[in-house]
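Subject: Structure handover

Hello,

Here is the structure you asked to take over. My notes on it follow below.

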Amino acid sequence: MKRILLMTTALVLALMLIISGCSTNLGISEEAKLKRELRKFEQFSGSGVVELSVFGMSLHKNFALAKSMDQMRFDMIDGGVFGTAPSPLLSVYLGQYLSLKSTLMPALEALNLQDKLPMKPNAIFNTADHIVERFGNEIIQTKKVVRDSLTITFRKNYQLESIVDTDSGIRVDASYTRKGDLDVITLKVKGISAKMTFDKVVYDHPQITPLPKAEPKQEDFFKIFQQGGMMDMFKGLLGN
C-alpha cells in the first residue's frame with residue numbers, strides 16, 4: 001500500500017512539473033518568447049572552465065565573464081597558491097572602447113582589435129526591445145539575421161545558436177542546459193579556439209571594473225605571437 005501511495009505521489013508530482021513546464025509557453029506570443037531569451041543576454045555573469053587552444057596546443061583555466069547593459073569583461077584566471085588570490089592571465093574589456101591585458105602574453109596588449117570586431121560595441125549592448133523592434137519579424141520567420149558578412153542564427157525556441165562573420169573568420173557557437181541556462185560557448189578564429197564551459201550563470205546586474213584604455217601599436221597577431229619567444233612562453237605554461 002505504501003509503495004502504491006509513493007508511486008502515485010511521484011506520478012502526480014511529475015505530472016505537475018510537466019504541466020508547469022508546458023504552461024510557461026502557453027499563451028505567449030513568438031515575440032514575447034524572443035524577448036525572454038534576448039533579455040538573458042542583457043545582464044548576466046558566469047564562471048567555469050575555459051579550454052584555450054592555440055595552433056594545436058591547449059590549456060585549461062578558470063574564467064569569469066560578466067556583461068551589463070553597457071560593458072562586458074572576460075577574465076581567464078590562474079588559480080591561487082596556498083590561499084592566495086587568483087590572478088588574471090588574460091582580461092578583455094569592452095565598453096566605449098576595447099582593451100586587453102595579459103600577464104601571460106603582454107605583447108597581445110599591442111594588438112589593434114577595435115576594427116576586428118564583427119559588430120560595433122553599441123550593437124552588442126542593444127536591449128532586447130531594440131533588437132525585436134528592428135529584427136523581430138526576420139528572426140521569428142527565418143530564425144536568423146543576415147547583414148553583409150555577419151550571420152546570427154537562433155534555435156526554434158529563440159535561444160542564440162551561433163554568430164558567424166566571414167570577413168574576420170570569427171565563429172561563436174552556444175549550447176544550453178535543460179533549464180535553458182548557458183552551458184558552453186565556443187569561439188573559433190584562424191587556428192585559435194576557446195571553449196567556455198559554465199559551472200554557474202546568474203542573471204543579475206554585475207559589477208564590472210573597466211581595464212585602462214591602451215593605445216595599440218601593431219595589428220598583426222601572428223607576427224606578435226611569434227616574436228619575443230611567445231610561443232616558447234605558451235609552451236612553458238603548458239609544461240612542455
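β3 and strand β4 (residues 87-94) pair in the antiparallel sense over seven bridges. Please keep in mind that this is a predicted model. In that pairing, M72 stands opposite L94 of β4.

β3 also has strand β2 (residues 57-67) as an antiparallel partner, over six bridges. A hairpin of four residues joins β2 to β3, and F63 has M76 in β3 as its bridge partner.

How much of β3 is buried? Strand β3 covers residues 72-78, and five of its seven residues are buried, so the strand is largely enclosed by the rest of the structure. Buried here means under 20% relative accessible area.

**Nonpolar cores**

The largest nonpolar core has 38 residues. Which of its residues touch the most other members? They are M76, I139, L182 and F198.

As general background, nonpolar side chains in soluble globular proteins tend to be buried together.

**Helices α2 and α4**

Helix α2 (residues 30-39) and helix α4 (residues 128-142) have axes that come within 10 Å and cross at roughly 130°. The two helices are therefore oblique to each other, since an angle over 145 degrees would be needed to count as roughly antiparallel. The crossing of α2 past α4 is right-handed.

On the α2 side, the residues that meet α4 are E30, E31, L34, K35, L38 and R39. Their counterparts in α4 are A128, D129, I131, V132, G136, I139 and I140.

**T186 in strand β10**

T186 belongs to strand β10 (residues 182-189). Is T186 buried or exposed? Its relative accessible area is 18%, and the limit for buried is under 20%, so T186 is buried. Apart from neighbours within four places in sequence, T186 is in contact with R171, V172, D173, A194 and K195.

Regards

Key:
Residues numbered from 1 in each chain as written. Predicted model: local features only at pLDDT ≥ 70, side-chain atom pairs only at ≥ 80, totals over all residues. Heavy atoms only, no water. Buried < 20%, exposed > 50% of the residue type's maximum accessible area, 1.4 Å probe, protein only. Pairing = 2+ DSSP bridges. Core = buried A, V, L, I, M, F, W, Y, C linked by side-chain atoms within 4.5 Å. Axes fitted to C-alpha atoms, helices over the stretch in contact; angles between N-to-C directions. Parallel < 35°, antiparallel > 145°, perpendicular 65-115°, else oblique. Left-handed = near helix turned anticlockwise from the far one by under 90°. Contact = heavy atoms within 4.5 Å.
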